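We will go stop by stop.

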Amino acid sequence: MSVLFPKWSNAFPTVFAIAALGGATAAIGGFWYYATPKFWRVGYMPTQPGGGFNHQIHAGKLGMDCRYCHTKVEKSYEANIPNVATCFGCHADGKLNKLAEGTETFSPTHKAKTQFVRDAYAQDASIPWRRVHKVPDYVHNFPHHVHVAAGVSCYSCHGRIDTMPIVHHAEPMSMGWCLECHRAPEKVVVPVDKVTDLRWVQDDLTKRANAGVMTPAAQKVLDAIQKAPPENCGACHY
Ligand code: HEC
Ligand code: HEC
Ligand code: HEC
Ligand code: HEC
Ligand code: HEC
């Protein structure tokens with residue numbers, strides 16, 4: 001026995017176990033590093049009150065502009081979520097029925113589905129929407145308005161919201177993701193009056209990517225950006 005397995009081989013299991021553990025740690029660490037945070041949030045879709053606010057219906061089918069509800073996105077750092085009064089403007093009892101007589105909207109099902117809006121309004125409560133997109137607190141500077149004013153469309157950061165029955169995370173929103181665009185803004189800028197027309201933007205950006213050229217309109221927007229998008233740490237972290 002001792003001929004086949006010299007004494008020092010007794011250490012094998014231990015060494016092997018340590019090595020395996022180290023390997024596993026490295027594997028988990030590697031997964032953690034590479035798979036997060038770049039990929040883990042894509043697809044994130046929390047359960048929302050009332051079954052979720054349907055952008056596909058409101059922004060898609062009904063064609064409402066994003067700024068009808070996200071009123072501050074051009075003016076402030078934060079894009080706001082609309083309050084119940086905005087919803088109540090259309091979903092007050094009977095109101096939509098008058099507008100929608102003879103259509104599928106004019107139905108008890110619709111009334112039931114939108115009841116949570118009237119309930120919240122009657123109680124002077126807000127609807128507890130769950131936040132989907134959030135950069136960590138140590139990222140002190142994410143100005144929505146600067147991006148929108150520079151001709152970066154909601155599409156480039158949030159995807160085709162107008163086709164989503166329930167909003168999900170379309171982009172990783174990691175640091176690498178921010179920087180990738182900051183290094184090549186020419187790939188995404190569009191005329192400022194088009195930023196909320198997501199279908200148009202998707203078509204235009206796809207065409208541009210395939211042809212590998214800028215449109216004159218996009219070139220004009222790019223020229224108008226005074227400073228290059230920042231890559232220095234302080235710009236986003238202070
Ligand atoms: C009729 C009002 C309304 C319109 C129009 C609207 N939204 Fe929203 N939006 C909401 C409400 C309410 C929420 C919160 C519920 C949710 O997250 O699904 C929301 C959530 C969002 C979120 C996720 C917020 C988070 O928690 O991270 C994004 C992104 C967004 N909207 C983008 C858009 C874009 C882009 C458009 C235009 C194509 C648009 N919205 C049009 C009402 C609206
Ligand atoms: C400009 C008018 C308007 C505003 C503002 C509006 N809605 Fe609507 N909403 C509609 C119409 C019209 C429909 C029905 C569309 C259809 O059935 O095709 C609808 C449908 C709905 C439905 C039913 C969805 C389904 O699956 O059938 C819900 C829930 C709803 N809205 C919630 C909200 C909430 C919450 C807000 C505020 C953030 C809001 N709406 C703001 C016009 C509006
Ligand atoms: C350059 C990328 C970018 C663009 C362009 C952009 N967003 Fe955002 N959006 C973000 C990021 C990042 C967050 C998370 C911000 C945070 O945590 O402070 C966010 C958050 C939001 C939220 C949630 C705010 C809250 O307080 O819950 C809404 C709503 C929203 N965006 C709507 C829009 C709309 C509408 C547009 C187009 C007019 C738009 N965004 C354009 C990156 C972008
Ligand atoms: C799809 C493209 C795109 C993405 C993604 C993007 N940015 Fe930007 N960002 C820009 C452009 C273009 C500018 C230049 C705007 C200007 O100076 O007018 C800019 C400018 C900025 C500025 C400078 C604002 C100022 O006042 O000059 C900050 C800060 C910033 N971005 C933070 C972020 C952060 C944080 C993220 C990721 C969460 C991000 N950006 C993601 C395109 C993008
Ligand atoms: C354009 C904006 C932007 C710039 C410039 C930037 N960061 Fe970040 N940084 C971010 C965002 C956004 C996150 C959060 C990523 C996430 O949520 O996963 C982040 C995360 C981090 C983290 C946390 C670890 C990680 O990778 O998630 C560190 C450390 C960091 N940044 C350091 C730096 C340093 C050092 C620089 C300069 C070389 C820098 N950042 C420049 C936007 C930026």
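What percentage of the 238 residues in the protein chain is buried? Buried residues make up 16%. A residue is buried if 20 or more other C-beta atoms lie within 10 Å of its own, exposed if 12 or fewer, and partly exposed in between, with C-beta atoms placed from the backbone.

This is a predicted model, in which local features need pLDDT of at least 70 and side-chain atom pairs count only at pLDDT 80 or more, while totals for chains, interfaces and linings use all residues. Residues are numbered from 1 along each chain as its sequence is written, and chains are lettered from A and ligands numbered from 1 in the order in which they are written.

**Stop 1: the whole chain.** Color by secondary structure. The protein chain has 13 helices and zero strands. Helices (H or I, at least four residues) and strands (E, at least two) are DSSP runs, numbered from the N terminus.

**Stop 2: confidence.** Now color by pLDDT, the predictor's confidence in each residue, from 0 to 100. The chain averages 84, and 79% of the residues score at least 70. Select residues 29-38. Here pLDDT stays under 50. Where pLDDT is low, the predicted coordinates should not be read in detail.

**Stop 3: the core.** A nonpolar core is a set of buried Ala, Val, Leu, Ile, Met, Phe, Trp, Tyr and Cys residues joined through C-beta atoms within 7 Å. The largest one has 18 residues. Select Val152, Cys154, Val189 and Val190, which have the most contacts inside this core. Helix 9, helix 11 (198-211) and helix 12 (216-224) each supply at least two core residues. Helix 9 has the largest share, three. Two residues are in contact if their C-beta atoms, placed from the backbone, lie within 7 Å. Beyond its neighbours within four places in sequence, Val152 is in contact with His147, Val188 and Val189.

**Stop 4: alanine 224.** Find this residue in helix 12. Why is alanine 224 exposed? Alanine 224 is exposed because 12 other C-beta atoms lie within 10 Å.
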